[in-house]
Amino acid sequence: MSTQSRSAPTHVGMDQFKVADNQLVIGGIPLRQLAARVGQTPFYAYDRNLIQQRIRDLRNALPASIKIHFAMKANPMPAVVGLMTNLVDGIDVASAGELKIALDAGANPREISFAGPGKRQTELRQAVASGVLVNIESVREIDELVEIGRELNLKPRVAIRVNPDFELKGSGMKMGGGPKQFGIDAEALPEILHQIGQSNLSFEGFHLFAGSQNLSADSICEAQRKSYELACRLASDAPAPIRFLNLGGGFGIPYFPGEKRLDLEPIGNNLADIAAKAKVDFPEAEIVIELGRYLVGEAGIYVAEVIDRKISRGQTFLVINGGLNHHLSASGNFGQVIRKNYPVAIGNKVGLANGEAVSVVGPLCTPLDLLADKMPLPEAERGDIFVIFQSGAYGASASPQNFLGHPPVAEVLV
Ligand SMILES: *Cc1c(COP(=O)(O)O)cnc(C)c1O
């Protein structure tokens with residue numbers, strides 16, 4: 001029993017959703033009714049008002065001249081991408097598949113940029129034909145884009161994704177600094193910029209992305225400053241004026257006990273300094289930040305049904321009808337080093353006293369399929385609804401849905 005009484009979780013309050021009659025309400029609809037509307041559990045539900053509110057708050061905190069892009073790999077549901085095209089200044093895609101979703105959703109090709117370490121020739125061709133900005137990550141891509149430009153009689157729009165000579169400190173995932181498969185090493189750029197200047201490519205600027213899931217405003221500000229300084233140094237070799245400067249993102253959301261929401265104020269001040277400098281250094285440039293998780297993560301929940309309740313040697317297990325096949329992140333197998341519990345609830349018993357510490361598991365035949373480990377929750381039984389918060393990013397599309405042949409998860413934007 002000692003494990004059950006161990007320190008109560010201190011998750012950040014999941015206060016973004018209303019509760020009525022002990023039921024979670026999402027998009028104005030009580031959970032049971034929403035489940036009936038969707039026609040099945042499990043499903044993901046994303047609240048469009050929360051997404052809109054998040055972007056409004058962000059715009060209020062940042063200087064007006066800073067452009068906000070949505071990195072759609074965080075949530076590529078077509079309806080979400082469609083909503084985003086009306087709310088943000090651009091969509092960042094990382095494959096031809098994502099490019100198609102963005103274009104179909106009505107995103108302006110001039111405001112789409114395409115990054116990714118292994119862009120295939122067919123994907124580069126689709127990007128050039130679409131008129132989107134390609135963030136070049138290797139010399140091979142330069143050669144292929146030159147060829148494609150000739151063949152299609154178009155001037156491919158390019159920026160260079162730079163592998164910076166620093167890291168984003170304290171990131172959940174580091175994606176720049178040191179040896180990396182992303183971007184081109186900053187040291188190699190002068191020669192490559194010269195090569196681009198001699199070609200049929202239209203050079204527009206730089207893309208720097210140092211890391212992801214960061215909750216330290218100081219670290220983010222430092223990375224933005226260093227990115228800006230690096231861009232200034234690199235720009236002296238640029239073949240054309242800088243028109244596009246993507247300083248990355250990395251804004252995190254709280255998932256685990258003790259984590260707090262990111263403080264936007266210092267980031268807003270920092271970007272105001274950078275924007276003022278950029279007016280002088282790069283008068284033609286758009287300064288962009290690209291965010292995925294931060295825009296959508298807190299607006300989404302995962303909803304599944306309790307199908308069994310069993311006790312094994314004193315430990316209570318709730319078995320639900322979906323697991324890591326739908327929500328790999330919550331199982332701790334998507335980039336976590338030590339497994340920690342996501343914030344969860346019994347969605348039709350919110351506010352009731354916690355009766356027991358339970359382990360919530362999915363239906364898969366693997367001990368990895370664990371969604372909550374000995375979490376204090378109100379007593380739940382078959383038919384109750386289990387909810388995982390902070391599930392609007394890296395959910396359905398980041399999970400191995402075919403693993404073990406269970407039905408796919410539904411998604412709804414309300
Ligand atoms: C994944 C990715 C993002 C989005 O990261 P988040 O942590 O979801 O904000 C942005 N830019 C690039 C280049 C990425 O690869």
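User: Which residue stands opposite V319 in β17?
Analyst: In this predicted model, the residue facing V319 of β17 is D308.

User: And how do strand β16 and β17 pair, parallel or antiparallel?
Analyst: Strand β16, residues 300-312, pairs with β17 in the antiparallel sense, and the pairing runs over six bridges.

User: How many residues lie between the strands in that hairpin?
Analyst: The hairpin of β16 and β17 has two residues between its strands. R313 in this hairpin takes a positive phi near 50°.

User: What about β17 and strand β19? In which sense do they pair?
Analyst: β17 pairs with β19, residues 356-361, in the parallel sense, over four bridges. Across this pairing, L318 stands opposite V360 in β19.

User: How many of the six residues of β17 are buried?
Analyst: Five of the six are buried, so strand β17 (residues 315-320) is mostly covered, where buried means under 20% relative accessible area.

User: Changing topic: which residues come nearest to the ligand?
Analyst: There are 13 residues around the ligand, and K73, S212, G292, R293 and Y394 come nearest.

User: What does Y394 place by an oxygen atom of the ligand?
Analyst: Y394 has a polar side-chain atom 2.6 Å from a ligand oxygen. K73 likewise has a polar side-chain atom, at 2.8 Å from an oxygen atom of the ligand. G292 uses a backbone N or O atom, 2.9 Å from a ligand oxygen.

User: How much of the ligand's accessible area does the protein cover?
Analyst: The protein covers 93% of the 380 Å² that the ligand has on its own.

User: And what is the shell like by class?
Analyst: The shell around the ligand has five nonpolar, four polar and four charged residues.

How values were computed:
Residues are numbered from 1 along each chain as its sequence is written. This is a predicted model: local features need pLDDT of at least 70, side-chain atom pairs count only at pLDDT 80 or more; totals for chains, interfaces and linings use all residues. Side-chain values use heavy atoms; hydrogens and water are left out. A residue is near a molecule or strand if one of its heavy atoms lies within 4 Å of it. A polar contact is a pair of N or O atoms within 3.5 Å; within protein, one must be able to donate a hydrogen and the other to accept it, and residues adjacent in sequence count only if both atoms are side-chain atoms. Accessible areas come from the Shrake-Rupley method with a 1.4 Å probe; for residues, only the protein chains shown count as cover. Ala, Val, Leu, Ile, Met, Phe, Trp, Tyr, Cys and Pro count as nonpolar, Asp, Glu, Lys and Arg as charged, and the others, Gly among them, as polar. Buried means under 20% relative accessible area, exposed over 50%, partly exposed in between (1.4 Å probe, protein chains only). Two strands pair if DSSP finds at least two bridges between them.
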